[in-house]
Structures are given as C-alpha cells and as structure tokens.
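Trainee: Could we go through this structure together? I would like to start with one residue and then move on to other topics.

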Amino acid sequence: MPHAATPILCALDFSEGSQSALVRAADLAERFHARLVLLYVDPLFRSPAGATPTPSKPDVALQQRLREFAEDALGGPDAVAVVGPEGVVRRGEYAADAILRQRDELDAGLVVVGTHGRRGVRRLLIGSVAEEVVRRAPCPVLVVPNASARTAPGPDAPVLVPVDFSDHTAETLDWAARMAGLYGAPVELLHVVEPVAPVPTFYSDVVGPVAYDASALVDGSNAQLRALAEGLDVDVETRTQLGAAHVAIVDVARERRAGLVVMATRGLTGLAHVALGSVAERTLRRAPCPVLVVRGATPIEDP
C-alpha cells in the first residue's frame, strides 16, 4: 500500500476522465501521506521493437500544462501546493508501456488511471489503456470512471468487495478494510453464484457431482462470507446473489451507492484472456464508482 517511500502514480491525458483520476489520486496521497507523481505520455512515435525509451528531458510547455491541469482539477494553486505533486513527461512510447515503465522506476504502490467509458466497436478498435494496465501492472490499479470524480467511500457509500474465494481473497480484503478505515466506510462482501460457472471447492460438502441446489450454494456462500467478515476490523455486511458476476457487481454497486469496488484479477493475458475474458475488466467498464483492482499477493504497508 502507498506510503512516503512508495508513491502513487497517476496517469493523465488531459481528458475529463483523467481529471477524475487526479482528484481521487490526490485525495489518497493526502490520506496515505504519500508522494504523488503525475505522468503524461506524449506518443510522438511508436518505439522500435525491443527498444526501451527513457523519459525525455523536461518539456517546459507540457510541464506547465500539467500544473494548470492539476490546478483546474483540484481547485486552484493552493490545493495543488498542499499535495505537492511531481510531474513527469515521457515521449514516444505507447501509453500503457510508458505507465508500466514509470511504475517500475518509481516502485509505485498504486497506479491511478481514468477511463473514457467507451463501449462496443469503438472500444474494441481503440482498446483501453486502463484495461491493459490492469492486466499487466504488478501493483493494484485504481480505475476511475469519467463521471465519478467526487465519488468516494463514506458512512453512506460502502466499499463493495466481490469475493470469489480465490487465493487472492485475503489481499483483497486487506485493501478493502484499509480503504474503508481511511474513509470511515462500511464494507459489503458480495459473492455471485453463476449458474453455469464451475463450482468452487468449498461447496463440495453441499453440492452433488452432477446437479446442485442453488439455495444450498447460497447458504454455503453466506456462511463463508460471515467467516471472512469476522476477521475484519470494520463494519461488514454480506450477501450472495445468483447471476452473471459482472452484472451483479455493477447492479449492487448502483443499488448500494458504493463509493468504491475492491476486487481481484487473475491477470490473464493472450489467448486465455481472449477466451475467458475478465470479470474485473467487464466490471470496470460499467461501474458507477472507482474500482480498485488487486492483482496477486500485494502486501499492505503502513503509511
């Protein structure tokens, strides 16, 4: 988790979506007392295959634009001075590659990116930098939808945690509890039982080898969620739903007016990703609030 020694990296492209990302990144930097680094990627040309470009020399015009953009997003020079962000400009790189290289150079504990909310053919043709960063980043990534600049957890805006009982559950719950504690928000644990999904191993004592009883699955899930809730030092509610995971997560986030969704991703790439897709990516395309995606065993560090 970010602290003074492991900064927060916020990628900007001067769009409305990255304005929302900057607001959330600055807020987290203050709460964690973390260094905030703003990155703008100027893709003048694509890098030759195999090349590893380095950051360009300071570009006065772009650095000034970064500062003006930050002042506009955060509410003026005084607000920027409180956070004290650093600006970095990288030239001639593909955006996702540049973000990940900058993350590695900084050893950033969190990457924050905005999303334009593209849909359908346009999203498929253009792709999504945010989704690629989520797939490849070794640290958690906070994806902030275009319209959620002021959306944050709070007493009436819970941290929603979709739980799939995978090996990453413990790390996801650690992040959710810490974020909930920072904002004084409750946590809601959600498990979605998909009718055609493979049956998780913990259901083995209530599920037969061929068919299963949905009510038994719900009861088993609720028991597991309650057990997880007991280990969290925050207010926790639990619920289980039937349906497609990404649809249920988005529906519950809207219904509960969640301030944040915290979920794990398996980081699938290549053919496996094309064939299976990603619940995390499908969720962040439609989520009404920021989504914090935790990949792998990411330790929690005190700020």
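**Starting from one residue**

Mentor: Leaving aside residues up to four places away in sequence, Ala73 touches Gln19, Leu22, Val23 and Arg150. Please keep in mind that this is a predicted model.

Trainee: Okay, and where is the place of Ala73?

Mentor: Ala73 has its place in helix α2.

Trainee: Is Ala73 buried or exposed?

Mentor: Ala73 has a relative accessible area of 5%, and residues under 20% are called buried, so Ala73 is buried.

Trainee: What separates the C-alpha atoms of Ala73 and Ala21?

Mentor: Those two C-alpha atoms are separated by 9.4 Å, while Ala73 and Ala21 are 52 residues apart along the chain.

Trainee: Changing topic to rings, how many aromatic pairs does a search of the whole structure find?

Mentor: The search finds 2 aromatic pairs. In one of them Phe14 and Tyr40 are stacked, with 4.5 Å from centre to centre and 25° between the planes. Phe14 sits in the loop between β1 (8–12) and α1 (16–32), and Tyr40 sits in strand β2 (residues 36–42), so that pair links distant parts of the chain, 26 residues apart. Both Phe14 and Tyr40 are buried.

Trainee: And why is the pair of Phe14 and Phe69 edge-to-face?

Mentor: The ring centres of Phe14 and Phe69 are 5.4 Å apart and their planes stand at 65°, and planes over 60 degrees apart count as edge-to-face, so this pair is edge-to-face. This pair also links distant parts of the chain, with Phe14 in the loop between β1 and α1 and Phe69 in helix α2 (residues 60–74), 55 residues apart. Both Phe14 and Phe69 are buried. Taken together, ring pairs link Phe14, Tyr40 and Phe69 into a cluster.

Trainee: What about charged side chains, so how many salt bridges turn up in a search of the whole structure?

Mentor: There are 17 salt bridges in the whole structure. One of them joins Arg90 and Glu105, whose closest N and O atoms are 3.3 Å apart. Arg90 lies in strand β3 (residues 86–91) and Glu105 in helix α4 (residues 95–106), so their pairing ties together parts that are 15 residues apart in sequence. Arg90 counts as buried because its relative accessibility is 0%.

Trainee: Which residues are linked with Arg90 in a network of salt bridges?

Mentor: Arg90 is linked with Glu93, Arg101 and Glu105 in that network.

Trainee: Can you walk me through another two bridges?

Mentor: Arg103 forms a salt bridge with Asp107, and their closest N and O atoms are 3.9 Å apart. Arg103 counts as buried at 9% relative accessibility, whereas Asp107, at 47%, counts as partly exposed. In another bridge, the side chains of Arg285 and Glu131 meet at 2.8 Å, N to O. Because Arg285 lies in helix α11 (residues 279–286) and Glu131 in helix α6 (residues 129–136), this pair ties together parts that are 154 residues apart in sequence. Glu131 counts as buried, at 4% relative accessibility.

Trainee: Last topic, which are the buried residues of helix α9?

Mentor: In helix α9 (residues 245–255) the buried residues are Ala245, His246, Ala248, Ile249, Val250, Val252 and Ala253. They pack against β6 (159–162), β7 (187–193), β8 (236–242), β9 (260–265) and α11.

Trainee: And which residue with a positive phi follows α9?

Mentor: That is Arg257, with a phi near 50°.

Note on methods. Residues numbered from 1 in each chain as written. Predicted model: local features only at pLDDT ≥ 70, side-chain atom pairs only at ≥ 80, totals over all residues. Heavy atoms only, no water. Phe/Tyr/Trp six-rings, centres within 6.5 Å; stacked < 30°, edge-to-face > 60°. Helix = DSSP H or I, 4+ residues; strand = E, 2+ residues; numbered from the N terminus. Buried < 20%, exposed > 50% of the residue type's maximum accessible area, 1.4 Å probe, protein only. Salt bridge = Lys/Arg side-chain N within 4 Å of Asp/Glu carboxyl O. Contact = heavy atoms within 4.5 Å.
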